[in-house]
Amino acid sequence: MPLTPLDIHNKEFSISFRGYNIDEVNDFLNEIIKDYDELLRTNEALKKRVAELEERLRHFENLEETLSKSIIVAQEAAEELKANARKEAELILKEAEKNANRIIDEALTKARKVQIEIEELKKRATVYRNRFRTLLEAQLEMLKSNDWDSLTDREGGDDGRALP
């Protein structure tokens, strides 16, 4: 058990012949008591300060642990958001590709139909031109024939009058 200032104060020494000067010993003991009392108070204050600092340290360690967990949770949430965003982007891309393919297929189908219509119109134009040519040739043949000459040679019309 450590000494207290009171223990030092109450300590008595036996007096012997040719011993130390009692006043000097008492003065020295009084200085020791004062210094020892100061050291005990300082030690007690330091113990309180250490306890306070240890409590703050525990608080900050808990805070650090909480922050670390929060950061981990935030990182996991961010990774999850990124993954979801990637998935959504992939879905959007797939949907866009499907729409693009559909539009291209529709355009190709329309182009084929237009091409078929063009070919059909070309055939019809050729048939029309051939018929028209045949008609014109027939008309020219008619004009070249002698039947027209006989009509122009006639002096009169159907009622017997002369043609002007």
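Predicted model: local features only at pLDDT ≥ 70, side-chain atom pairs only at ≥ 80, totals over all residues.

Trainee: Okay, give me one. What does D37 pair with?
Mentor: D37 meets R41 in a salt bridge, with N to O at 2.0 Å. Both residues sit in helix 2, 4 residues apart, and that's about one turn of the helix.

Trainee: Is D37 buried, partly exposed or exposed?
Mentor: Partly exposed, because its relative accessible area is 25%.

Trainee: And R41, how does that one count?
Mentor: R41 counts as exposed, because its relative accessibility is 51% and the cut-off for exposed is over 50%.

Trainee: Which residue does K69 bridge to?
Mentor: To E65, at 3.2 Å from N to O. K69 and E65 are both in helix 2 as well, 4 residues apart, or about one turn. E65 itself is partly exposed, with 43% relative accessible area.

Trainee: What about E106, who's the partner there?
Mentor: R102, and the N to O distance is 3.2 Å.

Trainee: Which residues get joined into one network through shared partners?
Mentor: D37, E38 and R41 are linked that way, by salt bridges that share partners.

Trainee: Switching topic: which residues gather in the patch of negative charge on the surface?
Mentor: That patch brings together D23, E24, D27, E31 and D35. Take E24 from that group: E24 is found in helix 2.

Trainee: Is E24 buried or exposed?
Mentor: Exposed, because its relative accessible area is 55%.

Trainee: Now the greasy side. What makes up the nonpolar surface patch?
Mentor: F60, L63, L67 and I71 make it, and the patch covers about 370 Å².

Trainee: Where does I71 sit?
Mentor: I71 is in helix 2, which runs over residues 22-144.

Trainee: And why does I71 count as partly exposed?
Mentor: Because its relative accessibility is 48%, and partly exposed is the range between the under 20% cut-off for buried and the over 50% one for exposed.

Note on methods:
Residues numbered from 1 in each chain as written. Heavy atoms only, no water. Patch = residues over 30% accessible without salt bridge, like charges linked within 9 Å, V, L, I, M, F, W, Y side chains within 5 Å. Areas by Shrake-Rupley, 256 points an atom, 1.4 Å probe, with all protein chains shown as cover. Salt bridge = Lys/Arg side-chain N within 4 Å of Asp/Glu carboxyl O. Helix = DSSP H or I, 4+ residues; strand = E, 2+ residues; numbered from the N terminus. Buried < 20%, exposed > 50% of the residue type's maximum accessible area, 1.4 Å probe, protein only. Lys, Arg positive; Asp, Glu negative; His and termini not counted. Charge placed at Lys NZ, Arg CZ, Asp CG, Glu CD.
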